[in-house]
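The questions below go through one protein model, from its overall fold to single residues. Each answer ends on the value or name asked for.

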Amino acid sequence: WNNYFELELFLTDGECTINDKIYPITKNSLVFVTPTDFHSYRFYTDRTYRYNMAFDYSVLESPPLLELLFRTRGSVISLPPQEALFITSIWNKLGREFNKTHSLNITRCIIMLELILSEVFLYGTNLFEEDSDGYPVPVLKSLRFIQQHFREPISITDAADSIYLSPNYFSRMFHKHVGMTFVQYLSKTRL
């Protein structure tokens, strides 16, 4: 797995496997993978043309985007040609600005990344887990906590403390809504 989220916009055909599910890739396909997704690519030509970006959630400044980011799963999005052209132009500008060291350029890069992500979330209706809206807010926050910290040695007490609940109450609520214990879910995420 990776320590970051990854976006790739493809200009050639192939296929992408995300968590054992195969997706076709065509021109203007955008692949979005989370730190917990296993993914691989197979292309139908010797040369591949794509834009690639990897980023850590900590660079984002928009709380609504962060909320969406931690409710996503890896997927492939087929963008309309005009939308792909728009995202490509922002991506190119982001690449040019990224190599400059002025603090204003860093802020501009973050804004451009957030603009690309907002477009991804607009077209990527298949990015969201089907049952995520059914979770109570404390469970959603604990799932986000696990996704942010699963590579660290975290405990049920750490997760409960992050949402200001007692470990016993949190344990019962988590199991009731997620359908598995905290330890089972954490182990599944780490695999």
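Helices (H or I, at least four residues) and strands (E, at least two) are DSSP runs, numbered from the N terminus. The model is predicted, so local features need pLDDT of at least 70 and side-chain atom pairs pLDDT 80 or more, while totals for chains, interfaces and linings use all residues. Residues are numbered from 1 along each chain as its sequence is written, and side-chain values use heavy atoms, with hydrogens and water left out.

Q: In what pattern do the helices and strands follow each other along the sequence?
A: The protein has seven helices and seven strands. Read along the sequence, the pattern is β-β-β-β-β-β-α-β-α-α-α-α-α-α.

Q: What is the radius of gyration of the protein?
A: The radius is taken over C-alpha atoms, and the globule rule is 2.2 Å times the number of residues to the power 0.38. For 191 residues the rule gives 16 Å, and the protein comes close to that, so it is as compact as a globular protein of that length, with a radius of gyration of 18 Å.

Q: What percentage of the residues of the protein count as buried?
A: Buried means under 20% relative accessible area, exposed over 50%, and partly exposed in between (1.4 Å probe, protein chains only). Of the 191 residues, the buried share is 43%.

Q: Which residues does L117 contact, leaving aside its neighbours within four places in sequence?
A: Contact means heavy atoms within 4.5 Å. L117 is one of the residues with the most contacts inside the largest core. With those neighbours left aside, its partners are L7, F32, F55, L60 and L65.

Q: How much space lies in the second largest pocket?
A: On a 1 Å grid over the protein atoms alone, a pocket is an open set of points where a 1.4 Å probe fits, with protein on both sides within 12 Å along at least five of seven lines; lining residues have an atom within 4 Å of a point. Grid points are joined across faces, edges and corners, and a volume is the space filled by probe spheres set on the points. For the second largest pocket that volume is about 340 Å³.

Q: Which residues of its lining are closest to the centre of the second largest pocket?
A: β6 (50–55), α2 (81–98) and α3 (103–123) each supply at least two residues of this lining. Of the 18 lining residues, the closest to the centre are M53, L94, F98, C109 and L113.

Q: Is S142 buried or exposed?
A: S142 is found in helix α4 (residues 137–149). Not counting residues up to four places away in sequence, S142 touches I163, F170 and F174. With a relative accessible area of 0%, S142 is buried.

Q: What is the phi of D20?
A: Most residues other than glycine have a negative phi. D20 is in the loop between β2 and β3, and is exposed, with a relative accessible area of 77%. Although D20 is not a glycine, its phi is positive, at about 70 degrees.

Note on methods:
A nonpolar core is a set of buried Ala, Val, Leu, Ile, Met, Phe, Trp, Tyr and Cys residues joined through side-chain atoms within 4.5 Å.
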